[in-house]
Amino acid sequence: MTDGDPVVPQGARPYQGTNAGVATRVAAAAIDVVLVALGLLAGYGGYVGLRLLLDPRGYRLPDPSLAGGMTAFFVVLVLYLSVLWGTTGRTYGDHVMGITVVGGHGSRLGPIRAFVRAVLYAVFPLGLLWCAISVRRHSLQDVVLRTQVVYAWLPHPVESHAPDIEGWAKES
Amino acid sequence: MTQVVQVPRRDTPAVLARPDRQLVVDAIVAIVVESLGAGVVIARTASRVAAPVSRLVWRPPLVPTSLQPATLVGVLARRGAEHRVATGQQVGRMLDAWTPMITETVLARLDLDAIIHRVDLVAIVDEVIAGVDLPAIIRESTGTMASETVRGVRMTGITADDAISRTLRRPLFRRARPAAPAGPAAPAGSAGPLPEPT
């Protein structure tokens, strides 16, 4: 996925650096969940195919338990979210929806905070809905970890959002 | 008695000769420009001087208006325009009538199959395809479509965010203090201008 033209349209410019709302964030989260699920399915397919290749005669279709599947999904989701939030600040879903996760002052999340945030989202995803009624558009995880999610259509470094966020905070 | 001594001739290099040529060119340009300027001034003066005379010639006094040269020339011009239009229409009709007949006659005498066989169509098509960078065109159009789609999705998200914020917070914070004026850094419906809960 590319950003194509690096110019942000006129209508979206005032929003850059301001906190993203629930619709955008839920859409980004849905994209991430679907992506992780597809990745898991692909991994499972690869695993089954490899076993078939290695032992064609004794091959039996594995019967994964629901608990095992959920655990694998949880682990992969947490890894996916924590690595991307800790490095680029945006998952693929965030990238598609044009948002970035930043710290309180627009700084990039550290690895520990990104990991804890990922765990909190994987354990209690409904906390995301709090940003629908939060004045600051903060989810419960944002409140706990002092993070925020801002509109950032251009994938420049997350530090560059700091002035926008500070400026916005002063005006509000 | 005067003695003539032969002095060795010095060759003029091209570099030294160039300024002279440049000088001549500049002089010619100056003469042309000055002449044109003078011509314009003369023509303007002559026209200014001759204006009363020309007016007298075109509209002589004591001559009925219908017989004045200006009127006669005007009538002639109008008739000429009518003739021009009529002739153009006539030529158009003739071309409409004759062109298909002539084309048909020429085509009947031509062996188009033989002509086509003599042309290396494959080579021409290859050349055309090589000249047109199809992969780049496909890449560009696909990329544009993708970025347009992404932009549309993002704008839809922003609009939905604002709509949800307005819908949910209005009943929740009905008794809130008045909202701050919306600025560019705090778009309507964003977290900025919305009132704090009381």
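Biologist: How does helix 2 of chain A pass helix 4 of chain A?
Modeller: Helix 2 of chain A passes helix 4 of chain A in a right-handed crossing; a crossing is right-handed if the near helix is turned clockwise from the far one by less than a right angle, and left-handed if anticlockwise. Helices (H or I, at least four residues) and strands (E, at least two) are DSSP runs, numbered from the N terminus. This is a predicted model, in which local features need pLDDT of at least 70 and side-chain atom pairs count only at pLDDT 80 or more, while totals for chains, interfaces and linings use all residues. Residues are numbered from 1 along each chain as its sequence is written, and chains are lettered from A and ligands numbered from 1 in the order in which they are written.

Biologist: Now the strands. Which way do strand 1 and strand 2 of chain A run?
Modeller: They run antiparallel, joined by five bridges; two strands pair if DSSP finds at least two bridges between them. Val102(A) has Gln148(A) as its bridge partner, and Gly103(A) stands opposite Thr147(A).

Biologist: Are the residues of strand 2 of chain A buried or exposed?
Modeller: Five of the five are buried, so strand 2 is largely enclosed by the rest of the structure. A residue is buried if 20 or more other C-beta atoms lie within 10 Å of its own, exposed if 12 or fewer, and partly exposed in between, with C-beta atoms placed from the backbone.

Biologist: What about strand 1 of chain A?
Modeller: Five of its five residues are buried too. Ile99(A), Val101(A) and Gly103(A) point one way, and Thr100(A) and Val102(A) the other.

Biologist: How many helices and strands are there in chain A?
Modeller: Chain A has six helices and two strands, in the order α-α-α-β-α-α-β-α from the N terminus. Of its 172 residues, 38% count as buried.
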